[in-house]
Amino acid sequence: MQYDLIVVGGGPAGMAAARAARDQGERVLLLDDNPGLGGQIWRGREDLRLEGVELGLGHTLTEWRGEAKRLILACGARELLLPFPGWTMPHVVGAGGLQALVKQGLAIQGKRVVVCGSGPLLLAVAANLRKAGAEVPRVAEQAPWEKLLTFGLGLWRWPSKIFEAVGYATSGYRAGLWPVEAWEGGVTLSDGSKINCDYVACGFGLVANGELARLLGCRMNGGLVAVDDWQRTSVEGVYAVGEMTGIGGVEKAEAEGRAAGARQRVTGNWGAFASALAKTFALREELRALATAETIVCRCEDVRWGRIATMGGKRQARLEARCGMGACQARICGPALEWMCGWGPENVRPPLFPLSVREFLRDRDEAGHPPTGHSL
Amino acid sequence: MKIRVNGQEVEVQAGMSVAAVVMNLGLAARRSVTGEPRGPVCGMGVCFECRLWVDGEGPLRSCQMPVREGMEVVTDAV
Ligand SMILES: Cc1cc2nc3c(=O)[nH]c(=O)nc-3n(C[C@H](O)[C@H](O)[C@H](O)COP(=O)(O)OP(=O)(O)OC[C@H]3O[C@@H](n4cnc5c(N)ncnc54)[C@H](O)[C@@H]3O)c2cc1C
Ligand code: FES
C-alpha cells in the first residue's frame, strides 16, 4: 500500500496533521499503539472521527506493511516520575496516570487523593478528580510562588488556554511544596505535613516520547526533537509535532500538526511559550536528593539508588546493575536519571515496543533501505 | 458483564480496563523481582507496572486491555 503520509500518534497533534493532509487530497495512514484516538488529553472519548484517513490502532498493525513519502511523528509525552522513598508503593500513581485510570473505570468517588509534583497538569488533574467525586485535600507544586506569579502575569501574551488552569484555581493549592515520603495510607510533604490518603497522584512534568525520533536519527535538543518553522526534523521527509518538540499543551500540538500536515509554516510563537512553561516549572535542586540509598530507582529490576549513585553513567548502571534493562526499557528511570545525575540519553536500539512502528521499521531494515517512495 | 479475577467472579462495565478493575478490588497487579507489590502507575502503557495474566497469557499490560466477557485474570503471578 502506498501512502503520501504516515502519522505516528493519534493525539491532538497527529489528528490535526492527518486531517490537514487529507484536506489537501493526500492519502494518509495514522498509527497509534492505543486502542483509540485522542492521545492523552482526549483519551477514551468516543466521538473522535478521522474520516478519509486510514487508521491502524492497537495491536492489529503487526501484519501491516506500508510505504509513504512523508512521516510525521506525533508521539506526545509521558510523565516524569522521580524516585522518592515509598514511590513504588501501589497507592502512588502518576498524576496524569491516575486521571487516565479514572477514565478507564477506576472508582474514585469519595477517595482522598494528594496531587503533587509539578506543572499545569496538576491543576487539570485535581479539577478532574474533584469532578469525579474525589476529595483532594492538597495540591503540592514544587515551583515557588514567585515563578508562578511571573508566568501568570505574562499569560495574556499567549493565545493559549493551558492555564484554563487559572480558572481551575483551586483550593488546597500550595507552591514550593513537594512529596518526600510515601507510606501505607498516606504521604509526607516537604513542610513536614503528613496527609492520609488513598492515592498519591504524583508527576514532575512531562518528557517527550523521543525514542522513535532518535531511532530514525533526528537531531535532538535537550530531550526534544529539533524542528524548523515547518516542523521538519533533520531527517528528510520526517516531521515532528506536538509535545515531542516542546511541552506546550493541546493548542500548540494542534497548530503544529495542522502546519506539518498542510506543509505550511506554523503560526504562533509556540517555542517561546514552551520555554516559558519549562522555565516556570523548572525542577528545584532539592528534588535530586529525594531518593535514599534504599530507594528503588529502576522499578523493573528493583535497582536501588545506593547501588548506582556513584556510577559514571547509564551504560555502567545497565551493565553492572541491570538498571534500565527491564520491561519498560528505561522509559521511567531513564529520564529520572537524566535529571538527577545529568546522565545523557543513550542511543535507542530497536525494537521499540509499539509493534506497529517496529513493523514499519523492519521493512526498512530488511531491505537495507527505506520502503519504496519513502524519502528517509 | 462478568469476568473472573483470581478465580472470583466480578461484575464489570464494558469499556473498563483490566487495570481499573484490579485496582477497584484493592489488588496489586504484580510482584516486583524482589517481591514488592506493584500497581498501575502511568495508565498509558509505558511503565509496565500493571502487568498480569489474562486467559493464561502474560505478563500483559492491563491498562491497555479492555475487559471482555468471561475473561480470566490472574494477578501477582509474575
Ligand atoms: C498522562 C498524561 C495526561 C495528560 N492529561 C492532560 C489533561 O488532562 N489536560 C491537558 O490539557 N493536557 C494533558 N496532558 C498533556 C498532553 O500532553 C497534551 O495536552 C496533548 O495531549 C499533547 O498532544 P500530542 O498529540 O502532542 O500528544 P499525545 O496526546 O500524547 O498523543 C501521542 C500519541 O502517540 C502515541 N504514540 C507514541 N509513540 C508511539 C509509537 N511509537 N507508535 C504508535 N503510537 C505511539 C501515543 O499512544 C499517543 O496516543 C497529559 C499528558 C500526559 C502524559
Ligand atoms: S500502568 Fe503503566 S503500563 Fe500500564
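Reader: What makes the five strands β6-β13-β7-β8-β9 of chain A an open sheet?

Author: In this predicted model, the five strands lie in that order with parallel pairing. The edge strands, β6 and β9 (173-175) of chain A, each pair on one side only. Strands here are DSSP E runs of at least two residues, and helices are H or I runs of at least four, numbered from the N terminus.

Reader: How do you know that β6(A) pairs with β13 (residues 199-203) of chain A?

Author: Pairing needs at least two DSSP bridges between the strands. Two bridges join β6(A) to β13(A), so the strands pair. A:Val92 stands opposite A:Val200 in β13(A).

Reader: Which strands does α2(A) touch on the sheet?

Author: α2(A) touches β6, β7 (112-117) and β13 of chain A. Contact means heavy atoms within 4.5 Å. The direction of α2(A) makes about 125° with that of β13(A). Axes are fitted to C-alpha atoms, for helices over the stretch in contact, and angles run from 0 to 180 degrees between N-to-C directions.

Reader: Why is the meeting of A:Asp302 and B:Arg38 called a salt bridge?

Author: The term requires a side-chain nitrogen of Lys or Arg within 4 Å of a carboxyl oxygen of Asp or Glu. The N to O distance is 2.8 Å, so the pair qualifies. The count between chain A and chain B is two salt bridges.

Reader: How is the model read?

Author: Local features need pLDDT of at least 70, side-chain atom pairs need 80 or more, and totals for chains, interfaces and linings use all residues. Residues are numbered from 1 along each chain as written, chains are lettered from A and ligands numbered from 1 in written order, and side-chain values use heavy atoms, without hydrogens and water.
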